[in-house]
Each structure stands twice: as C-alpha cells, then as structure tokens.
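Please consider the structure shown below together with its sequence. The paragraphs that follow lead from a strand pairing to the aromatic rings, the surface and the charged contacts.

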Amino acid sequence: MEPRISIITIAVDDLDRMAAFYEAMGLVRHRIRDGVAFFQMGGAILGLFPRASAEEDAGIAFGTAPPRVYLAYNTRSDAEVDDVLAEAEKAGGRIVKPAGRAFWGGWYGYFADPENNLWEVAHNPDFPIDAEGRIALPA
C-alpha cells in the first residue's frame, strides 16, 4: 500500500447544512453523485456522506458516539482493492465488508484497523490517480 490518504469522508446528519458550512469556509463543492458532497483539498478529497447512507454502505451501525469519520484509500484497479484488503487482514486488521461491485460502478470493500478505525478501499475509475498517488476529481 502506498503511503497516502485519498478521501476523508465524514458521516453527517444534515448534508445540506454541513456542505454549506464547508462552502462558507472557502471550499468549493463538486457534487459527483446525488447524496454525497465532495470538495477537492489539495491532493485529497473531503467527502460528506449522510450518516444513514454511510452506515448502510459500510454494513455497520456507527452508534451514537463519535467518531463518524472513516478514511478511504483509492486504487488504480479492482485487483489492487483485493490486494490492499488482504494486506490489511494479514497485518492484523479485520475485513468489515469484503470487496464487491459498488452501485456507482467501482469495486470496493472495508477493513477496520486493530483499533476499529474504518477504511474504505476502492477503485473508482471516475477519480484518476497520478504517478505520485494524488487523486483528483474529474473535470
């Protein structure tokens, strides 16, 4: 696994209010899919995902206590998703959701690190990754 974070996703209770907050902070909203707000932040992306949808997508309930943030590692291929999930499990992580086809067309799965911090590993062909590992939103 290359040393990078692709997308930081925050599960939010009120997507419109949270998107307005980040816009007020000077970030430019770039909506790729309905129901998720994305903001380019240098070489990474900030995503705001409705909490109920995030829980359904990950296949777990977040409960009432923080944190409601999980990290995303994007890959250049479907096969790399499988490799990273296997590497995480070998290193002592727990597969939360095995890799599979996503509703948005990519390939993804989830693992938790030894302290149960959640990571999504995904290949999204709409989000190009350059040679240095920087991810970008499409033009």
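Tyr 110 stands opposite Glu 120 in strand E8. This is a predicted model, in which local features need pLDDT of at least 70 and side-chain atom pairs count only at pLDDT 80 or more, while totals for chains, interfaces and linings use all residues. Residues are numbered from 1 along each chain as its sequence is written, and side-chain values use heavy atoms, with hydrogens and water left out.

The facing residues belong to a pairing of strand E7 (residues 107–112) with E8, antiparallel and held over six bridges. Strands (E, at least two residues) and helices (H or I, at least four) are DSSP runs numbered from the N terminus, and two strands pair if DSSP finds at least two bridges between them. In the hairpin of E7 and E8, five residues lie between the strands, and Asn 116 takes a positive phi near 70°. E8 also has a parallel partner: four bridges join it to strand E5 (residues 69–74). In E8, Val 121 has Tyr 73 opposite it.

How many of the six residues of E8 are buried? Six of the six are, and the strand is thus described as mostly covered. Buried means under 20% relative accessible area, exposed means over 50%, and partly exposed lies in between (1.4 Å probe, protein chains only). In a regular strand, side chains alternate between the two faces of the sheet. In E8, both faces are covered, with Leu 118, Glu 120 and Ala 122 buried on one side and Trp 119, Val 121 and His 123 buried on the other.

The segment after E8 contains Asn 124. Asn 124 counts as buried because its relative accessible area is 9%. Its side chain reaches the backbone nitrogen of Asp 126 at 2.8 Å, a polar contact (a pair of N or O atoms within 3.5 Å; within protein, one must be able to donate a hydrogen and the other to accept it, and residues adjacent in sequence count only if both atoms are side-chain atoms). Gly 133 is also placed in the segment after E8, and its relative accessible area of 8% is why Gly 133 is classed as buried.

The next topic is the aromatic rings. A pair of aromatic rings is described by the distance of the centres and the angle of the planes. Rings of Phe, Tyr and Trp (its six-membered ring) pair if their centres lie within 6.5 Å; planes under 30 degrees apart count as stacked, over 60 as edge-to-face and the rest as tilted. A search of the whole structure finds seven such pairs. One of them joins Phe 38 and Phe 127 edge-to-face, at 5.6 Å centre to centre with 90° between the planes. This pair links distant parts of the chain, with Phe 38 in strand E3 (residues 37–41) and Phe 127 in the segment after E8 (118–123), 89 residues apart. Both Phe 38 and Phe 127 are buried. Tyr 108 and Tyr 110 make another edge-to-face pair, at 5.9 Å centre to centre and 80° between the planes.

The structure holds six salt bridges, each a side-chain nitrogen of Lys or Arg within 4 Å of a carboxyl oxygen of Asp or Glu. In one of them, the closest N and O atoms of Arg 76 and Glu 2 are 2.9 Å apart. Arg 76 lies in the loop between E5 and helix H3 (78–90) and Glu 2 in the segment before strand E1 (7–12), so distant parts of the chain, 74 residues apart, are linked. Arg 76 is partly exposed, with a relative accessible area of 34%, and Glu 2 is partly exposed at 31%.Arg 101 and Asp 78 form a further salt bridge, with the closest N and O atoms 3.2 Å apart. Because Arg 101 lies in strand E6 (residues 94–101) and Asp 78 in helix H3, this pair ties together parts that are 23 residues apart in sequence. Arg 134 forms a salt bridge with Glu 132, the closest N and O atoms being 2.4 Å apart. Arg 134 is partly exposed, with a relative accessible area of 45%, whereas Glu 132 counts as exposed at 57% relative accessibility. Finally, salt bridges that share partners join Glu 2, Arg 4 and Arg 76 into one network.
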